[in-house]
Amino acid sequence: MAVKLHLDTEFCSMTIAPSSSDKPRILDGKRTANAITAEVREAVEREGLTPGLAVVLVGDDPASQVYVRNKGRRAKACGFLSRQYDLPATTTQAELLALVESLNGDSKIHGILVQLPLPAQIDADCVIQAIAPDKDVDGFHYVNVGRLVTGAIGAALLPCTPKGVMHLIEQALGPDLSGKRAVVIGRSNIVGKPMASLLLAHNATVTVIHSRTPSPAEICRQADIVVAAVGVPGLVTAEWVKPGAVVIDVGINRVEDDDGSAQLVGDVDFEVVAPLASAITPVPGGVGPMTIAMLMHNTLQAARRQVAVST
Ligand SMILES: Nc1nc2c(c(=O)[nH]1)N[C@@H](CN(C=O)c1ccc(C(=O)N[C@@H](CCC(=O)O)C(=O)O)cc1)CN2
């Protein structure tokens with residue numbers, strides 16, 4: 001039987017056949033992200049919309065520069081108007097707030113994203129709360145957080161990484177997680193907390209594990225779904241995982257290899273956990289690409305809503 005993705009009924013009709021062997025299914029985020037980007041592009045052409053996305057980068061963090069560049073490229077590939085604002089590391093909070101304010105009032109821009117982390121002199125939360133909630137394509141504004149937590153998911157712009165994770169979980173298990181136990185490792189505002197809310201909205205029984213949780217492996221071992229988002233390389237080993245669990249790795253950790261070369265690893269020890277799991281995401285190529293694909297979908301959603309209100 002094929003599984004139809006239900007994360008959002010207005011998009012992504014892709015069907016994925018379940019694995020027929022005992023091997024774990026590798027949930028391919030890159031392939032899924034490409035399919036979503038293609039669907040967003042088709043929707044843009046079909047509906048004659050030009051969603052506008054503004055991405056603001058403050059400073060010169062090399063990883064952020066890569067992510068922002070990739071966001072701009074994807075936005076162009078989707079047929080969006082894409083604007084990138086590169087501000088120096090010395091930018092003041094007032095200057096950044098003034099830019100956000102002008103983008104809030106720009107009718108060509110439907111989505112605003114301020115790349116995190118921000119330099120120390122800027123209060124990130126204050127900047128995020130200055131973004132108009134309906135242009136908050138990161139889903140970090142209190143209005144969107146409130147919509148998610150109260151289950152008003154249809155009205156919310158959802159944070160991109162948890163939304164991408166949910167999409168991958170749906171590929172493995174379908175949209176209704178009734179009867180499933182989910183463990184989220186990590187309680188960040190960007191991933192852990194919204195992830196827990198989203199799993200709850202899909203009827204999972206959810207536990208959040210964090211640095212003060214005693215016996216985390218024991219708790220995690222009871223889970224049918226594990227989402228690791230804590231930023232500790234290889235934390236989740238075989239003793240944390242129940243055979244047959246779906247394991248999603250949100251960690252992106254840069255570590256040095258034995259030969260001194262840089263390597264990207266997740267929070268899950270893939271080699272030992274993959275043989276136990278029914279489905280698992282790799283790092284790289286799992287959750288990461290989904291984050292940017294979901295940003296495209298959020299921008300399309302935001303544009304549709306703003307155009308509908310203005311006509
Ligand atoms: N305003 C925001 N800032 C940040 C967010 C966010 O969602 N909104 N998330 C992260 C960074 N991020 C997007 O901004 C992001 C991280 C990783 C990837 C990705 O594709 N990763 C690849 C590996 C890429 C690499 O080599 O580094 C993968 O996992 O395959 C995309 C987006 C923090 N800031």
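## The ligand shell

The ligand is surrounded by 18 residues, with Tyr67, Leu116, Pro284, Gly288 and Thr291 the closest; a residue is counted as near the ligand if its C-beta atom, placed from the backbone, lies within 6 Å of it. The structure is a predicted model, in which local features need pLDDT of at least 70 and side-chain atom pairs count only at pLDDT 80 or more, while totals for chains, interfaces and linings use all residues. Residues are numbered from 1 along each chain as its sequence is written.

By type, the shell holds twelve nonpolar residues, five polar ones and one charged residue. Here Ala, Val, Leu, Ile, Met, Phe, Trp, Tyr, Cys and Pro count as nonpolar, Asp, Glu, Lys and Arg as charged, and the others, Gly among them, as polar. At least two shell residues come from each of helix H2 (62–77), strand S6 (111–114), helix H6 (160–173) and helix H10 (287–310), and H10 gives the largest share, four residues. Helices (H or I, at least four residues) and strands (E, at least two) are DSSP runs, numbered from the N terminus.

## Domains

The chain is assigned domain 1 (48–132) and domain 2 (159–288), with bounds taken from an automatic or database domain assignment. Their C-alpha centres lie 28 Å apart, and each domain supplies at least three residues of the shell around the ligand.

An unreviewed UniProt entry annotates residues 27–138 as "domain: Tetrahydrofolate dehydrogenase/cyclohydrolase catalytic". UniProt positions are given in the numbering used here, feature names are shortened, and annotations may be inferred rather than shown by experiment. The span 27–138 is 48% helix and 16% strand, and its end C-alpha atoms lie 23 Å apart.

## The nonpolar core

The largest nonpolar core contains 85 residues, and those with the most contacts inside it are Ala182, Val226, Val227, Ala228, Val247 and Ile248. H10 contributes the largest share of this core, ten residues, and domain 1 and domain 2 each contribute at least three. Such a core is a set of buried Ala, Val, Leu, Ile, Met, Phe, Trp, Tyr and Cys residues joined through C-beta atoms within 7 Å. A residue is buried if 20 or more other C-beta atoms lie within 10 Å of its own, exposed if 12 or fewer, and partly exposed in between, with C-beta atoms placed from the backbone. In soluble globular proteins, nonpolar side chains tend to be buried together.

Apart from neighbours within four places in sequence, Ala182 has contacts that include Leu177, Leu199, Val206 and Val227; two residues are in contact if their C-beta atoms, placed from the backbone, lie within 7 Å.

## Backbone features

Most residues other than glycine have a negative phi, and most peptide bonds are trans. The bond from Leu116 to Pro117 is cis, with omega near 5°, and Pro117 lies in the loop between S6 and helix H4 (124–130). The bond from Val283 to Pro284 is also cis, with omega near -5°; Pro284 is in the loop between strand S13 (279–280) and H10.

Asn203, although not a glycine, has a positive phi of about 75°. Because 13 C-beta neighbours lie inside 10 Å, Asn203 counts as partly exposed. Ser215 also has a positive phi, near 50°. With 9 other C-beta atoms within 10 Å, Ser215 is exposed.

## Annotated binding site

The unreviewed UniProt entry places the feature "binding site" at Gly186, Arg187, Ser188 and Ile252. Ile252, in the loop between strand S10 (246–249) and strand S11 (253–256), touches Leu264, Val283 and Gly288, not counting residues up to four places away in sequence.
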